[in-house]
Amino acid sequence: MSITSLTAVEIAAKLRSKEVSAVDVATAFLDRIAAEDSKYGAFLAVDRDRALGEAAAAQGRIDSGDASLLTGIPVAVKDNMSSEGIETTCASKILKGYVPPFDATVIEKLKAQGAVILGKTNLDEFAMGSSTETSAYKFAHNPWDITRTPGGSSGGSAAAVAADLAPLSLGSDTGGSIRLPASFTGTVGYKPTYGRCSRYGLVAFASSLDQIGPITKTVEDAAILAEATTGHDERDATSNPAPPVSARDLKNGSLKGLKLAFPREMYGEGTDPEVQKAVEASLEALRREGASVDEISIPSIPLGVTTYYIIAPAEASSNLARFDGVRYGPRSEGQGHIDVVAKTRAEGFGHEVKARIMIGTYALSAGYYDAFYLRAQQVRAMMTQQFLEAFQSYDFIVSPTAPVVAFKLGDLSQDPMQMKMLDYCTIPANMGGMPGISIPCGFAHGLPVGLQLMGAPMEDERMLQAAYCAEQLFAVSPKRPPAL
């Protein structure tokens, strides 16, 4: 079996036994990216020399006995996280050529562990989208069918793992941008509790919703990557003081006796019956293992998408004001400061980003703030309260991750409302700051289907335990895209 098809845990075992070297591992992935990524569009930047240098240093740590589990393991990073010396564009023309002078906290932590940064992955521009089609540079393609989307906005990170271009990747999740691509590509996508992973160095989209997390082949890999990248960070004012997410007891959980709730509202109008069938089969399998799955009602769920598309654009309109052609990226020349800023932003931002900035600015403007933004925050508080009440009686909430399987590229480009409804099941976790994870649970139309588990805030470790048990039960992860 090729080294690139292994999980991170399997590669780490080979490194520890000296069966392969860290340079061998990095070279295998870099060669595969060079040979295959033109089909998938997963990467926006790869620095081969830098990666091989980090791999050589990692091998030195392994040889000296100073290695962690991630030492010598390659990682791909979404291109909205600052990386010292490597271009960071957020897949936008307005940041073309911008090379940060510092690393995001998550990258600092990975380097401290001796992980090897392969490069930066493709995304929807500024993480605004659900298909990676709003990237200013190229589409990303789903390894299960390259005519289809890998989802978004972390589509490049998910495609990289599914196509064996990286064993681990980091994405960011504002309304489902880790979990949706994981569902579409048959990978595992985990969004930690808000605040458990530092956002320092993450280019902000919607600061009260953004969260960095892993996309991997297995729950075990996700837990190990989360353990390495989470923890308190004084440079992020929203960082939770709790210790890092622990993977120590990951395999000590059980499905027997777990109380799971399935909100009936999670089957929205656009749910594909074949997806529903796959999810129902997985719920039945959970019942056979001793978990109870009760149907409940959380009435605010259908309000999530419209509420999110007021709050997120409002925060984006403020966060993206800094991109003016003066401090970052290229500048369009004009007559006077205002003309320069107007031309730079008109030429630098794509259509989706401009639309969200305008919606957000409108929602925050005098006379409309109370009618839209304040009302949306009230609905958010109500939704959060209803989920917390459910967690008083149940361990976790389960649902499909996405209402459909991966669709053909271009199919929804003229239907923005349908595109936004893809986040219907994932948005509640962001609204309430809850942890959520998508694991493969079956197939519909020959394509992967994801099951989502959501837990109460700070219940990350227990949720990962349950997800690990469910993953073993479903045994879907070993299946790989037919083209590989």
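Modeller: Two strands pair if DSSP finds at least two bridges between them. Please keep in mind that this is a predicted model.

Colleague: Which strand does S7 join, and by how many bridges?

Modeller: Strand S7, residues 259-263, is joined by two bridges to strand S9, residues 396-400. The two strands run parallel.

Colleague: And which residue stands opposite leucine 260?

Modeller: Phenylalanine 396 in S9 stands opposite leucine 260.

Colleague: How many strands form the sheet, and in what order?

Modeller: The open sheet is formed by 11 strands with mixed pairing, in the order S1-S3-S2-S4-S6-S5-S10-S11-S9-S7-S8. At the edges are strand S1 (43-46) and strand S8 (292-296), each of which pairs on one side only. From one strand to the next, the twist averages 30°.

Colleague: Turning to the helices, how do H3 and H4 cross?

Modeller: The axes of helix H3 (residues 48-63) and helix H4 (residues 105-113) come within 10 Å and cross at roughly 45°. H3 and H4 are therefore oblique to each other.

Colleague: Which residues make that contact?

Modeller: H3 contributes Arg50, Glu54 and Arg61, while H4 contributes Lys111, Ala112 and Gln113. The residues of this contact of H3 with H4 comprise four charged, one polar and one nonpolar.

Colleague: A last topic: where is alanine 346, and why does it count as partly exposed?

Modeller: Alanine 346 lies in helix H10, residues 336-348. Alanine 346 counts as partly exposed because its relative accessibility is 43%, and that class lies between the cut-offs of 20% and 50%.

Colleague: What separates alanine 346 from arginine 287?

Modeller: Alanine 346 and arginine 287 are 59 residues apart in sequence, and their C-alpha atoms are 54 Å apart in space.

How values were computed:
Residues are numbered from 1 along each chain as its sequence is written. This is a predicted model: local features need pLDDT of at least 70, side-chain atom pairs count only at pLDDT 80 or more; totals for chains, interfaces and linings use all residues. Side-chain values use heavy atoms; hydrogens and water are left out. Helices (H or I, at least four residues) and strands (E, at least two) are DSSP runs, numbered from the N terminus. Axes are lines fitted to C-alpha atoms, for helices over the stretch in contact, and angles run from 0 to 180 degrees between N-to-C directions. Angles under 35 degrees count as roughly parallel, over 145 as roughly antiparallel, 65 to 115 as roughly perpendicular and the rest as oblique. Contact means heavy atoms within 4.5 Å. Ala, Val, Leu, Ile, Met, Phe, Trp, Tyr, Cys and Pro count as nonpolar, Asp, Glu, Lys and Arg as charged, and the others, Gly among them, as polar. Buried means under 20% relative accessible area, exposed over 50%, partly exposed in between (1.4 Å probe, protein chains only).
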